[in-house]
Amino acid sequence: MIGTCDTWSAEDAVDSGAEWSLRYTHDDDFLSISAFIPPSGRCAEAVRDVYAEIFALAGWSGYPDICRLWHYIGDINGDNADGLEVYRDFCVGRALAFEEFRPPFGMPAATGVGSSGEGITVCVLATRAGKLTAIENPDQVPAYRYPTRYGPKPPSFARAGYLERAEGDVLFLSGTASVTGHETAHRGDLHGQLDRTLANIRTVVGGPNLARHGVAGHFGLADFDRVKVYVRNAGDMAAVEAVCRTVFTGDPAVELVRADLCRSDLLVGIEGVIAVRGGLPKVLRRADQPDGASRAQAVSAP
Ligand code: 3EB
């Protein structure tokens, strides 16, 4: 199997270790945690347990705010042993953990996509470096209120997270797709889905929406410092890349990944990061991105 790999860098000395089923690394400001849930006929209980461990480790080690989560889910649109879609089974376990532990930061920014490997990999970025605000999209039902036709328990994530920190704020955009209200828009229409996805992103990071959440600043697609695009059909990748290059003008390196998405009718999903001032924290930079861009400063200035 050919996989992809994210490299995480640190600002200063790191400490790493393992605790329960988790592996972790941290510098002064950020804690990254990863966990692997082996494949099985049902995953909800294991997902709940891993989340309980994540909440405990983050809180107990002094990085209480989970600012970003990624979930790479094998056979995401397949059925589990009970005939429930694996993603829905995953959402049950995640929702149980949120109901039980009610983390102080509310819902985190997240991505939930398929993996070509088996099992579920969870990657977490937690921080103690600032104030974290969960951001929703007024054009979308909050995912944690999706009706049960999408699964017994709704997904537990926010549309974005805004981290205010002394060294520079960071906006974490969750995986964003062609969902309006709670429904998939433009089924079977790649360009329709891409346009709707970009419109959702503009709304989430735009000034009126941030103001509604008590956050100052207004951003656009050109302000993104990192963009990752998940594309269901390999044959669509060139067309998606061409559109993304014309709109994400702040940094030419849009990363494209072939991946299944959490609803079988979604064809594309886009996540990203905006460094508001002071550049990207090192932990969020690409290996070839030495010093993080900070173009968003110009836009956010009055
Ligand atoms: C959606 O809008 C698309 O399960 O963590 C996006 C981001 C999506 C995160 C997750 C799912 C997740 O519902 C799907």
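Predicted model: local features only at pLDDT ≥ 70, side-chain atom pairs only at ≥ 80, totals over all residues.
Colleague: Which element gives the most to the shell around the ligand?

Modeller: The shell includes Ala-110, Thr-111 and Gly-112. Helix H2 (86-101) and strand E5 (110-115) each supply at least two of its residues. The element that gives the most, with three residues, is E5.

Colleague: How do the residues of the shell divide into nonpolar, polar and charged?

Modeller: Among the residues around the ligand are Phe-157 and Val-179, counted as nonpolar. Arg-94 and Arg-159 are also there, and these count as charged. The division is six nonpolar, four polar and two charged.

Colleague: How far is an N or O atom in the side chain of Arg-94 from an oxygen atom of the ligand?

Modeller: A pair of N or O atoms is a polar contact within 3.5 Å. Arg-94 is one of the residues around the ligand. Its side chain places an N or O atom at a distance from a ligand oxygen of 2.8 Å.

Colleague: Where do the polar side-chain atoms of Tyr-146 and Arg-159 lie, in Å from an oxygen atom of the ligand?

Modeller: Tyr-146 has a polar side-chain atom 2.9 Å from a ligand oxygen. For Arg-159, the distance from a polar side-chain atom to a ligand oxygen is 2.9 Å. On its own the ligand has 360 Å² of accessible area, of which the protein covers 97%. The value asked for, given for Tyr-146 and for Arg-159, is 2.9 Å.

Colleague: What volume of space lies in the second largest pocket?

Modeller: The second largest pocket is the space that the ligand takes. Its lining has 33 residues, with Tyr-87, Tyr-146, Cys-262, Arg-263 and Leu-266 nearest the centre. The space in this pocket is about 480 Å³.

Colleague: Which elements each supply at least two residues of the lining of that pocket?

Modeller: The lining divides into 14 nonpolar, nine polar and 10 charged residues. Helix H2 and strand E5 each supply at least two residues of the shell around the ligand. For the pocket lining, the elements that each give at least two are H2, E5, strand E9 (170-176) and strand E11 (183-184).

Colleague: In which loop is Asp-75 found?

Modeller: Asp-75 is not a glycine, yet its phi is positive, at about 50°. The residue is in the loop between strand E4 (65-74) and H2.

Colleague: What is the phi of His-186?

Modeller: His-186 sits in the loop between E11 and helix H3 (190-205). Although this residue is not a glycine, its phi is positive, at about 60°.

Methods
Residues numbered from 1 in each chain as written. Heavy atoms only, no water. Near = heavy atom within 4 Å. Polar contact = N/O pair within 3.5 Å; in protein donor to acceptor, adjacent residues only side chain to side chain. Areas by Shrake-Rupley, 256 points an atom, 1.4 Å probe, with all protein chains shown as cover. 1 Å grid on protein atoms, 1.4 Å probe; cavity = no way out; pocket = protein on both sides within 12 Å on 5 of 7 lines; lining within 4 Å. Sits in = over half its atoms within 2 Å of the grid points. Helix = DSSP H or I, 4+ residues; strand = E, 2+ residues; numbered from the N terminus. Points joined across faces, edges and corners; volume = space filled by probe spheres on them.
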